[in-house]
Amino acid sequence: MIERLHGMVVASTDRTIVIMAGGIGFGLQVADTASFRQDAAVTVYTYVHWNQEKGQSLFGFADEISRQLFCLLISCQKIGPALALALLRQREPGVIVQDIMSGNVAGLSSCQGIGAKKAELIIYELKDKLSGLSSLPALAGGAALQLKNMQEALLSLSYSPQEATKAVSYVA
């Protein structure tokens, strides 16, 4: 499995980026292309998904926490990679964790593609699994907003998205 790629972002659309790593252009589906600046060296945390009908898909994440949460989300019944990525696109990982840990069905179902039944299913299947991960609960509550603000401040000070993400991950 490909755990991460380090290379240069050479192209991006609204939901995909292309990373040149080792002379190979890897196309990755991402939640937020703004996390990856074009023509900048980045490290992308990845997940390879195999679908019998569509074949192989490669998903990319700016940090390990998002990748872990994505993997947990797709482990739920009736939640595929497209829906998990859409959820990460619409809500911050810390907010998703907080919604799951607190049983906030309304919060999760406010996302497009997630109804009340799917939100209940996600909460039921992941509530116990999230408590076992040390890095995810640390993002719950107001800490998620503070970390997001910290990352935005670092980006405004001309830090690269990867440097800002590493700093925020270290603090978390």
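Glu64 and Arg67 form a salt bridge, with their closest N and O atoms 2.9 Å apart. The term salt bridge here means a side-chain nitrogen of Lys or Arg within 4 Å of a carboxyl oxygen of Asp or Glu. A quick note before going on: this is a predicted model, where local features need pLDDT of at least 70 and side-chain atom pairs count only at pLDDT 80 or more, while totals for chains, interfaces and linings use all residues. Residues are numbered from 1 along each chain as its sequence is written, and side-chain values use heavy atoms, leaving out hydrogens and water.

By the salt-bridge rule, the count comes to three. Here they are:

| Pair | N to O distance |
|---|---|
| Glu64 and Arg67 | 2.9 Å |
| Glu3 and Arg67 | 3.1 Å |
| Arg91 and Asp99 | 2.7 Å |

Salt bridges that share partners tie Glu3, Glu64 and Arg67 into one network. Glu64 and Arg67 both sit in helix 1, three residues apart, or about one turn of the helix. Helices (H or I, at least four residues) and strands (E, at least two) are DSSP runs, numbered from the N terminus. Glu3 forms its salt bridge with Arg67, and this pair links distant parts of the chain: Glu3 is in the segment before strand 1, and Arg67 is 64 residues away.

So who is tucked in? Buried means under 20% relative accessible area, exposed means over 50%, and partly exposed is in between (1.4 Å probe, protein chains only). Arg67 has 10% relative accessibility, so it counts as buried. Glu3 is partly exposed at 35%, and Glu64 is partly exposed at 22%. Arg91 and Asp99 are both buried.

Strand 1 (residues 4-12) and strand 2 (residues 16-21) run antiparallel and are joined by four bridges. Val9 stands opposite Ile19 in strand 2.

Thr46 lies in strand 4 and is buried, with a relative accessible area of 0%. Among the residues Thr46 touches are Ile2, Glu3 and Arg67, where contact means heavy atoms within 4.5 Å.

Lastly, the cysteines. The structure holds zero disulfides, a disulfide being a pair of cysteine sulfur atoms within 2.5 Å. Cys71 is partly exposed at 24% relative accessible area, whereas Cys76 is buried at 4%.

Definitions and conventions
Two strands pair if DSSP finds at least two bridges between them. Lists of a residue's contacts leave out its neighbours within four places in sequence.
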